Amino acid sequence: MKTPVRVAVTGAAGQIGYSLLFRIASGEMLGKDQPVILQLLELPMEKAQAALKGVIMELEDCAFPLLAGVVGTDDPEVAFKDADIALLVGARPRGPGMERKDLLLENAKIFTAQGAALNKVASRDVKVLVVGNPANTNAYIAMKSAPDLPAKNFTAMLRLDHNRALSQLAEKAGVPVGDIEGLVVWGNHSPTMYPDYRFATAGGRKLKELVNDETWNRETFIPKVGKRGAAIIEARGLSSAASAANAAIDHIRDWVLGSNGKWVTMGVPSDGSYGIPEGVIYGVPVITQDGEYTVVKDVEIDEYSRQMMDRTLAELEEERSGVAHLLG
Ligand code: NAX
């Protein structure tokens, strides 16, 4: 039997948590031979802790053979203790009348504290995925608050956007979704993101040839992927949860077990490539192998792409300057 992997999940009693935990415990994220210990964080409020207790009872009732332990807590240092993987899902939602700036600052407090706790008690190799919005900037704040951990350990989730783009393209081109390779969603997890299929292929054929329609790309595809989250809220009355949990599982599974040469999108601290300032957490194409991701370099950037990539970067830079005073 392998040594159990410690997986910390914050916001564990929320919607995404409820779609996520059972799949992790059943082996869908790290493999059917990999035991896990779940270390679950929720707010200290009675209602949140009671909900967490209920989720833990349900996890017990599944009798998952791979679930080697569950911890429920309101203390980040307990949740992150020796964590190998940390899924930071819990975040402050936008309340009535709340400005975007206030939302950013409220979340900055949470991710400063959680970054510091990770810095103090997590495994030095911890793989951190930030899901809670604004995901890229929250990941940036956590990374900056954890100076003793390698910056590359901090990532933000753009995989849901990547998966949304894959499905839209598969439908348009009439190809199986699993055949598409070479897609990326650049930038921020926000409507400014830039889904880019210029180099994508399906079954060896170029998607740009299968879908030879630049008007569809610019006027339908890009805005549809960018506004998909809002469309889900409108239809369901609640934000994406199962698909978000699925994307988190895809992100970590590929990071740990490899993407078999395929491009996947991860929000990672920039190494300066593509004109993205170093440290900004930006969605880029990566290939993953042996527990590491490598940014795909030398993707040609044409004029339209540059414009789109700069637009989403400008938004990230604005978010970053909005929290700069908190980070010293
Ligand atoms: P819910 O409101 O259902 O659940 C969030 C949970 O987090 C709540 O139970 C709350 O008590 C808890 N929480 C809040 N602050 C916490 C803290 N400081 N420590 C521990 N727990 C805390 O939201 P849910 O639908 O699960 O969404 C969670 C986050 O994911 C939101 O910020 C949401 O905007 C974001 N999303 C990000 C996506 C992405 O692609 N990056 C897509 C889906 C989702 O919109």
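UniProt lists His189 under "active site" in an unreviewed entry. In the predicted model examined here, His189 is located in the loop between E8 and E9. When neighbours within four places in sequence are set aside, the contacts of His189 are Asn133, Asn136, Met157, Leu158 and Asp161. One of these residues, Asn133, is joined to Pro134 by a cis peptide bond, with omega at about -5°. Pro134 itself belongs to the loop between E5 and H5.

Strands of a sheet pair through backbone hydrogen bonds, in either a parallel or an antiparallel arrangement. Strand E4 (residues 85–88) runs parallel to E5 and is joined to E5 by 4 bridges. Within this pairing, Leu88 is placed opposite Val130 of E5. Strand E6 (residues 154–156) is also paired with E5 in the parallel sense, over 3 bridges. Here Val130 stands opposite Ala156 of E6.

A right-handed unit is made by E4, helix H4 (residues 100–121) and E5. A right-handed unit is also made by E5, helix H5 (residues 135–144) and E6.

The UniProt annotation "domain: Lactate/malate dehydrogenase C-terminal", taken from an unreviewed entry, covers residues 159–320. This span is 46% helix and 19% strand, and its end C-alpha atoms lie 21 Å apart. An open sheet of 3 strands is found with the order E7-E10-E11 and antiparallel pairing. Its edge strands are E7 (180–181) and E11 (205–206), each of which pairs on one side only. The pairing of E7 with strand E10 (residues 201–202) is antiparallel and extends over 2 bridges. In that pairing, Ile180 stands opposite Ala202 of E10.

Aromatic contacts were examined next. A pair of aromatic rings is described by the distance of the centres and the angle of the planes. The count comes to 7 aromatic pairs. Among them, Trp186 and Tyr274 form an edge-to-face pair, with 4.9 Å centre to centre and 70° between the planes. Trp186 is part of strand E8 (residues 184–186) and Tyr274 of the loop between strand E12 (264–269) and strand E13 (281–289), so this pair ties together parts that are 88 residues apart in sequence. Trp186 and Tyr274 are both buried.

A further edge-to-face pair is formed by Tyr197 and Phe221, at 5.2 Å centre to centre and with 90° between the planes. Because Tyr197 lies in the loop between strand E9 (194–196) and E10 while Phe221 lies in helix H8 (residues 214–226), the pair ties together parts that are 24 residues apart in sequence. Tyr197 is buried, at a relative accessible area of 1%. Phe221 likewise counts as buried, with 1% relative accessibility. Ring pairs link Tyr197 and Phe221 with Trp216 in a cluster.

The charged end of Lys208 is placed over the ring of Tyr197, at 4.5 Å from the ring centre. Tyr197 therefore takes part in the ring pair with Phe221 that ties together parts of the chain, and its ring also carries the charged end of Lys208 over it. Arg218 lies over the face of Tyr304, 3.7 Å from the centre of the ring.

Positive phi values in residues other than glycine were also recorded. Asp82, which is not a glycine, has a positive phi of about 60°. This residue is found in the loop between helix H3 (76–79) and E4. With 39% relative accessibility, Asp82 counts as partly exposed. Asp290 likewise has a positive phi, near 50°. Asp290 is situated in the loop between E13 and strand E14 (292–295). Its relative accessible area is 70%, and Asp290 is therefore exposed, the cut-off being over 50%.

Definitions and conventions: Residues numbered from 1 in each chain as written. Predicted model: local features only at pLDDT ≥ 70, side-chain atom pairs only at ≥ 80, totals over all residues. Heavy atoms only, no water. Pairing = 2+ DSSP bridges. Right-handed = clockwise from strand over helix to strand, strands pointing away. UniProt positions renumbered as here; feature names shortened; annotations may be inferred. Phe/Tyr/Trp six-rings, centres within 6.5 Å; stacked < 30°, edge-to-face > 60°. Buried < 20%, exposed > 50% of the residue type's maximum accessible area, 1.4 Å probe, protein only. Lys NZ or Arg CZ within 6 Å of the ring centre and 35° of its normal. Contact = heavy atoms within 4.5 Å.
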